[in-house]
Structure formats: C-alpha cells, structure tokens
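Please consider the following protein chain together with its three-dimensional structure.

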Amino acid sequence: MFEFDVVPGTVVAEVLGANREQVLDLVRDAYLWHEQNQTVNPDSYFLRFPEKPEARIIALPAYVGGTVGKAGIKWISSFPGNIDQGVPRASAVLLLNDYATGHPIACLEAAGISAARTAASAAVATAALTEQAPRVSMVGAGVIARTILDYLLASGLRPAALDVYDLETGSAEHLARYAKTQIDHVSVVPTLDHALQSDLIVFATTAASPYVGAATELRPGQVLLNISLRDLAPELLLGADNIVDDVEHCLKAQTSPHLAEQLSGGRDFITGTIGGLLRGQVSLDPDRPVIVSPFGLGVLDIVVGQFVLEQARRTGQAIGIPGFFGETTRW
C-alpha cells in the first residue's frame with residue numbers, strides 16, 4: 001500500500017520504444033472509455049509568466065476507471081526559448097494515484113509519455129480516416145513531429161513520400177535524415193505552400209496564432225492533423241469537417257477551433273469526436289477536407305503512464321523510494 005516508485009526517462013523511452021503498437025491500442029481504448037463516460041477529465045490549468053508570455057506550465061488532472069483504476073496529474077512545461085539553446089522545449093512529470101486509497105504510487109518522467117500519447121492519438125485518428133496517404137507533410141520538425149512519424153509508421157501507414165517544412169532549416173534536415181531510414185522519398189521543402197499539397201498534413205509547431213491563411217485552398221479528402229492547434233485560420237475550419245478529442249477542452253485558449261467558434265457564433269462546425277469516429281458514429285462529407293484537432297486529454301497520459309509503470313516494475317527498472325511516506329498509520 002505504501003510503495004512509491006520513480007521511473008526515469010531512460011526507462012520510459014525504452015518501454016515506449018519497444019511497445020508502440022501496444023500504446024496505439026491503449027490510446028484507442030482510452031478514447032472509447034472517454035466517449036463512454038468512464039473517465040474524469042477536468043479542465044487543464046495554465047501557469048503563465050508576465051515576463052515570459054511565450055512560456056507556460058500546464059497541469060492536466062485526470063481519472064480513468066475500469067481496468068486501469070488510476071488517477072493522476074501531468075505537470076508539463078513548454079518553454080520555446082529552450083530551442084535556441086539546443087535543448088527540448090517541453091519537460092514533464094506524471095504523478096499516479098491509487099484509486100482505492102488516493103495514495104500516490106509513482107512519479108514518472110513524462111515528456112516521452114506526453115509525446116507518445118500525442119503521437120498515438122494522431123495515428124489512431126488517421127487510421128480511422130484513411131487507409132493510405134501517398135504523400136505526407138510534416139509542418140514543424142521537432143520531437144513531436146518525429147514521434148508522430150514513428151507512430152504513423154507503427155499504425156501501418158506507409159507514405160510513398162514525405163515532405164518536411166520548418167522555419168528552422170536545420171530542424172527540417174534533422175527530421176528528414178531520421179525519416180530516410182524508413183521512407184524512400186523524403187524532401188525538405190522550401191515553402192509552406194509545398195507542404196500544403198500533401199494528402200496528409202501534420203502541424204506540429206509552436207505557433208501562437210494562425211499563419212495558414214483563410215484564402216488557403218484545401219482539397220476534398222485532405223486530412224490535416226492540427227496537433228499544435230493554432231496554425232490554421234478559423235475560416236479554414238468552417239469549410240471543413242472537424243474532429244476534436246473533446247469539445248469543451250478544445251474550444252478554449254484561442255485554439256483554431258476556439259477562434260472558429262468565436263467567428264461563427266456557435267459549434268455547428270464540429271462534426272464529431274475521435275471517440276465517436278472510432279465507434280463509427282461520425283459522418284464525413286467527401287467533398288470537404290478533414291481537420292483533426294486534439295487538445296490533449298489527461299486520460300491518455302494516465303493510461304500510457306500506468307502501462308509504462310507496470311512494465312518498469314515487471315522488469316525491475318522502477319526505482320523504489322523506501323520511507324517516502326512519513327506516516328503509514330493514523331496513530
């Protein structure tokens with residue numbers, strides 16, 4: 001009852017790298033549980049800094065019932081200035097709590113968990129929308145883009161060609177070199193317009209406001225994964241089918257769907273949720289593009305984190321902290 005473990009990032013990376021297909025299944029299950037009201041996923045809480053408006057730390061509390069039976073909270077920072085120093089933009093920890101007693105049971109390094117659940121959600125939604133995407137574009141070439149590529153491939157999507165675009169050419173070249181180990185035709189493209197021609201377009205940037213303008217022409221059947229949430233002008237969403245992970249969560253914090261709600265005065269532009277899509281309850285218009293906007297649910301972190309903890313304990317790689325609890329009896 002009073003065990004407490006720490007799982008370091010090296011172990012997290014090892015577990016996730018060896019179990020991508022399992023993570024895809026877990027994330028798919030989590031969306032279905034969320035759709036069936038077997039989860040509790042309150043609002044995320046943003047800590048912002050007056051002298052660093054671009055930076056933030058976010059708290060994502062959540063609970064997942066059923067066979068998982070765990071609550072917890074992810075505490076994740078996003079400091080874009082880190083990129084200039086050559087270090088990761090995001091860092092995170094995940095605290096898991098036992099549902100029976102409420103006691104915390106583990107602390108896991110969670111930047112990798114967060115990236116994996118984000119990437120898996122992108123891959124799960126893509127697999128439900130299309131069986132193939134001959135040409136894929138990555139807009140933004142950081143850790144999230146790299147992880148999404150891994151999970152798209154793990155889900156069975158094998159693009160004939162991949163285009164990479166980033167304002168930082170060096171980042172684009174790094175991702176392109178990584179992708180060439182698995183995809184035959186990989187190009188760093190010089191402009192955003194080039195990237196927007198693909199069948200599947202993944203937005204994984206740090207953009208704070210839309211830069212893909214309202215006049216941009218999107219094709220029927222194109223799939224846009226709006227992972228970074230703020231790249232697209234709201235007018236584009238109003239001309240597309242829109243899939244979100246959770247309506248209340250996604251339509252806030254000046255995301256592109258939130259801007260579309262403000263522009264249109266309502267939420268009729270939302271076609272459905274990822275959970276509904278997985279259950280076959282979403283009808284799409286073949287004459288429109290599809291935009292998927294996952295805000296990022298804490299329940300995904302709980303499900304993936306619990307799996308990582310189980311694997312780390314099974315292999316003896318979880319680090320127990322004796323005496324973590326100061327008191328183990330009431331008297």
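This is a predicted model: local features need pLDDT of at least 70, side-chain atom pairs count only at pLDDT 80 or more; totals for chains, interfaces and linings use all residues.

Residues are numbered from 1 along each chain as its sequence is written, and side-chain values use heavy atoms, with hydrogens and water left out.

The protein chain contains 11 helices and 16 strands; these are DSSP runs numbered from the N terminus, helices being H or I with at least four residues and strands E with at least two. A compact globule of 331 residues would have a radius of gyration near 20 Å, and the 20 Å of the protein chain agrees with this. That radius is taken over C-alpha atoms, and the globule rule is 2.2 Å times the number of residues to the power 0.38. Along the principal axes, the C-alpha trace spans about 70 × 45 × 40 Å.

Of the 331 residues, 51% count as buried, where buried means under 20% relative accessible area, exposed over 50% and partly exposed in between (1.4 Å probe, protein chains only). Contacts are defined by heavy atoms within 4.5 Å. Among those between residues at least 6 apart in sequence, 67% join residues at least 24 apart.

Helix 4 comprises residues 143-154 and reaches 17 Å from its first C-alpha to its last, close to the 16 Å expected at 1.5 Å a residue; the expected span is 1.5 Å times one less than the number of residues. Nine of its 12 residues are buried, so helix 4 is largely enclosed by the rest of the structure. Among them are Ile144, Ile148 and Leu152, as well as Asp150. Just after helix 4, glycine 156 adopts a positive phi of about 105°.

Serine 293 belongs to strand 15 (residues 290-293). With a relative accessible area of 1%, serine 293 is buried. Leaving aside residues up to four places away in sequence, serine 293 touches Asn226, Leu229, Ile243, Val244, Asp245, Cys250 and Pro257. The side chains of serine 293 and asparagine 226 are joined by a polar contact of 3.0 Å. Such a contact is a pair of N or O atoms within 3.5 Å; within protein, one must be able to donate a hydrogen and the other to accept it, and residues adjacent in sequence count only if both atoms are side-chain atoms.

Salt bridges require a side-chain nitrogen of Lys or Arg within 4 Å of a carboxyl oxygen of Asp or Glu, and the count comes to 10. One of them pairs aspartate 5 with arginine 313, the closest N and O atoms being 2.6 Å apart. Aspartate 5 lies in strand 1 (residues 5-7) and arginine 313 in helix 11 (residues 298-314), so the pair ties together parts that are 308 residues apart in sequence. Aspartate 5 is buried, at 9% relative accessible area, whereas arginine 313 is partly exposed, at 36%.

Aspartate 150 is buried, with a relative accessible area of 8%; arginine 20 is partly exposed, with 26%.
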